[in-house]
Amino acid sequence: MSIQPLALTVAGTDPCGGAGIPADLKTFAALGVYGFSVVTVVVAQNSSQVLGTAVVDREMVGRQILALMAHSRPQAMKTGALGNAEIVAEVASAISSFGLPAPVVDPVILSSGGARLLDKQGEDAMRKHLLPIAALVTPNVPEAQALSAIQIQNVAAMREAARVIYKMGPRAVLIKGGHLAAPQLAVDLLYDGQRYIELAQERIEGSGAHGTGCALSAAITAWLARGAEMEDAVRKGKAFVTRALRYAFQLGAGRPLLNPWAGAQSRKDNGSDG
Ligand SMILES: Nc1ncnc2c1ncn2[C@@H]1O[C@H](COP(=O)(O)OP(=O)(O)OP(=O)(O)O)[C@@H](O)[C@H]1O
Ligand SMILES: [Mg+2]
């Protein structure tokens, strides 16, 4: 029997640790969850720019998962950057054949700035192979627009896009509103096929930290590994990201970095343990 919850992330690297696998592992650890990780794409990046990428062979991605299967089974998993259509298909096939938990899929198709991180074939493969087996898919606004072909300027349009994406097969859809023009609030929308739940938290000004999407999907995955129901996991994940942004810190010349230990930090500030 495992002594603590275990979660798996299948994603890309980030040498500066603000996004991708290092961010996921820090988030898991901050929430008391042990992390396994499978690398899909090596990304030469820092918090401000991407200098290049090298996608891992499909076979090597499969072999990393195989190595873990001989070890222990995670209680929850997420996917982040997957590199290309072949890897999307490989990961989906491994999830089915090994009976892995239904994944939290952070689509990582379009960056917040609109740059493409997964080509059209990869996006089609995600629709075909990964979304139908997902527990949750967490597109940002540009990704939700690409997947649903609906322009999103407000929460009403988020609802419409969520309905379209839900029909692609995931058990739930969370559209992230970080990039919506809402002055005081960062509003995300969760749809499980029955209910629309708006999750509104204070918008933190001027931080511009990268990796918010990775931290959110990793925190939700960590809470699922701890046994939370989806709505609860999403609420706790959103609270985690808001705190990590509020206590973001500056390291050298880069953009601010999220602070995954902010929960402990804010408890100290409040002078309480709760
Ligand atoms: N300034 C902000 N203040 C508070 N919460 C924010 C802010 N910006 C984003 N968020 C929240 O962070 C989470 C990630 O959303 P976002 O829209 O930034 O995803 P993303 O574009 O996928 O991120 P990434 O740039 O890491 O790919 C969401 O819960 C969103 O509401
Ligand atoms: Mg993202």
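Because the model is predicted, local features need pLDDT of at least 70 and side-chain atom pairs count only at pLDDT 80 or more, while totals for chains, interfaces and linings use all residues. Residues are numbered from 1 along each chain as its sequence is written, and chains are lettered from A and ligands numbered from 1 in the order in which they are written.

Let us start with the helices; helices (H or I, at least four residues) and strands (E, at least two) are DSSP runs, numbered from the N terminus. The axes of α1 (residues 20-30) and α7 (residues 212-225) come within 9 Å and cross at roughly 40 degrees. Axes here are lines fitted to C-alpha atoms, for helices over the stretch in contact, with angles running from 0 to 180 degrees between N-to-C directions. The angle makes α1 oblique to α7; under 35 degrees counts as roughly parallel, over 145 as roughly antiparallel, 65 to 115 as roughly perpendicular and the rest as oblique. On the α1 side, Gly20, Ala23, Asp24, Thr27 and Phe28 meet Cys214, Ala215, Ala218, Ala219 and Ala222 of α7, contact being C-beta atoms, placed from the backbone, within 7 Å. These contact residues divide into 7 nonpolar, 2 polar and 1 charged (Ala, Val, Leu, Ile, Met, Phe, Trp, Tyr, Cys and Pro count as nonpolar, Asp, Glu, Lys and Arg as charged, and the others, Gly among them, as polar).

For α2 (residues 58-69) and α3 (residues 85-98), the packing angle is about 25 degrees and the axes are 9 Å apart, so the two helices are roughly parallel to each other. Arg58, Val61, Gly62, Ile65 and Met69 in α2 meet a set in α3 that includes Glu86, Glu90 and Phe98.

Turning to the backbone, most residues other than glycine have a negative phi. Val108, in the loop between β5 (104-105) and α4 (120-130), has a positive phi of about 40 degrees. Val108 is buried, with 28 other C-beta atoms within 10 Å (20 or more is buried, 12 or fewer exposed, and in between partly exposed, with C-beta atoms placed from the backbone). Ala149 has a phi near 60 degrees and counts as exposed, with 8 C-beta neighbours inside 10 Å.

Finally, 22 residues surround ligand 1, the closest being Asn140, Lys176, Gly178, Ala186 and Gly213 (C-beta atom, placed from the backbone, within 6 Å). By class, this shell has 7 nonpolar, 11 polar and 4 charged residues.

How values were computed:
Contact = placed C-beta atoms within 7 Å.
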